[in-house]
Amino acid sequence: MDGGSARGSDGLISRRGVLRLGAAAAGGAAAAGLLGACGSAGNGGGGNGSLVFLSDQLSTTVESAAMRTKVLSGFKSASVSFTSFSDTTQFIDQVTAQSKAGTSTLDVIGGLQGDFVALEAQIPLRDMSDVISELKDRNFPQAYLDLAKIKGAYRFVPWITATYLMVANKKALAHLPAGADVNTLTYDQLLAWGQALKKATGQQLIGFPASPKGLIKRFFQGYAYPSFTGGLNTTFKSPAAVTMWEYFKQLWAVSNPQSPTYAFMQEPLLSGEVWVAWDHAVRLSDALQQQPGNFVVFPAPSGPRGLGYEPVLGGLAIPTTSKHVTQAKALISYLTEPRVQTTMLNAESWFPPVGASALPSNLAPGVSAEAKAIVATTGSSNAIASQLPIGLGAQSAAFDKVFVDTFTAIALNGAPIPSTLASEAATLQSVLRQAGAACWKPDPASTGVCQVG
């Protein structure tokens, strides 16, 4: 629930070698044949055929299996062949190639908001206003509907949402700084907490998902930068950014030295290697569901500019080339039904795109704790909502690499902060220029390419 499945990794196909992008019609047709063979759910709908559902979410073996057996199995209008990539670029290229080749067999596509922005820049997306209207009883929040509108029309239907949270072992609470409340924690208090834990235990017990498959890039993009600088690209090398990196070096000094090996923080939390962790809600859920009584869940800290956080919104769309529009609409209606979204939440830890008051009551204990933390995050008076990177297309991986490389240079290798930021800022500007990407929140809207500051 990220640019790529939150459980999967950015940059790897979930089932290696299953799908290979071809060129023009031949590639699109070949891939379409493989898509249809990758797995299905549903009872066939009395001969109504099979819908092909492609996504870049829910891409691990466990997630995909749960999607087929627990979520899609209840859809009775048609069988559904569900396939997921864990690589956003591969997903976008696949949809685009099939559309341009005129041989697409895709009926429903599920991606993140930024994916649809990237797709609309390359191919025409179907106006989903009719489906939005038909599903008005779902009461999608206006903020999500605003994100679903691209180039003047609804290009997808809100489907799933999540964000990133913090989790602490209850043993760590005894070492909180005086006066600190985990629900309104500041970055200074987080640092003091980590230092107190180290002093008391002799161990570095803060943890970040800093392996190549981890999502630490999102920590900097959606949390640290907005919280300390109020922006991202436009404040990348600013004095406030220098302050943020100076702070992070201190925090890293009390973080578990195994953090560069962590992809999902739920595992070191369960093992006790880490007592306080930040990660995507989906990547924390196993720990919370296995040991709900041992952990507390709370929002990310606030910095000088506020509580930076990154909501993740996924949606469903029908390609203009679909030959089964009526059944595709029925599948989208089914997937947004409250009872199905409750199943989705308990099985996959993705939240329904509804207001806090509309969340189901029969949630698993760990999921319920995450729901409360998300409500506390979004309802904070100093919250700064950041969008996932938008409009980068094939430059998505290069954009993320800038932040990983900056982290590696400064935190792991001890490189000077101002010169590192100056060097990486030039790379970042090149990436944005090649993508032709305008600024996105929390940066102010730009005319033309976003300018790095």
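Mentor: Helices (H or I, at least four residues) and strands (E, at least two) are DSSP runs, numbered from the N terminus. The model considered here is predicted. Let us begin with a loop: Leu58 is placed between strand E2 (50–55) and helix H2 (61–71).

Trainee: Is Asn139 buried or exposed?

Mentor: Asn139 counts as exposed because its relative accessibility is 59%, and exposed means over 50%. Asn139 also has a positive phi, about 55°, without being a glycine. Its place is the loop between helix H5 (129–134) and H6.

Trainee: Which residues does a cis peptide bond join?

Mentor: Lys441 and Pro442 are joined by a cis peptide bond, with omega at about 15°. Pro442 lies in the segment after helix H16 (417–435).

Trainee: Which residues lie nearest the centre of the largest pocket?

Mentor: Ala143, Tyr144, Leu147, Tyr309 and Pro311 lie nearest the centre, within a lining of 36 residues. By class, that lining has 25 nonpolar, 8 polar and 3 charged residues. At least two lining residues are supplied by each of helix H4 (113–120), helix H6 (142–148), strand E7 (157–162), strand E13 (312–317) and helix H14 (365–378).

Trainee: In which sense do E7 and E13 pair?

Mentor: The two strands E7 and E13 are antiparallel, with 5 bridges between them. Val157 stands opposite Leu316 in E13. As for cover, 6 of the 6 residues of E7 are buried.

Trainee: How many cavities of 30 Å³ or more does a search of the whole structure find?

Mentor: The search finds 1 such cavity. The largest cavity holds about 60 Å³ of space. Among the residues of its lining are Val95, Ser99, Ile109, Pro124 and Thr321. The lining of this cavity divides into 7 nonpolar, 4 polar and no charged residues.

Trainee: What is the order of the 4 strands in the open sheet?

Mentor: The order is E9-E10-E8-E11, and the pairing is mixed. Strand E9 (206–207) and strand E11 (295–298) are the edge strands, each pairing on one side only.

Trainee: How many bridges join strand E8 to strand E10?

Mentor: Strand E8 (residues 164–169) and strand E10 (residues 276–280) run antiparallel and are joined by 5 bridges. To locate one of the partners, take Leu165: its bridge partner in E10 is Asp279.

Definitions and conventions. Residues numbered from 1 in each chain as written. Predicted model: local features only at pLDDT ≥ 70, side-chain atom pairs only at ≥ 80, totals over all residues. Heavy atoms only, no water. 1 Å grid on protein atoms, 1.4 Å probe; cavity = no way out; pocket = protein on both sides within 12 Å on 5 of 7 lines; lining within 4 Å. Nonpolar A, V, L, I, M, F, W, Y, C, P; charged D, E, K, R; others polar. Points joined across faces, edges and corners; volume = space filled by probe spheres on them. Buried < 20%, exposed > 50% of the residue type's maximum accessible area, 1.4 Å probe, protein only. Pairing = 2+ DSSP bridges.
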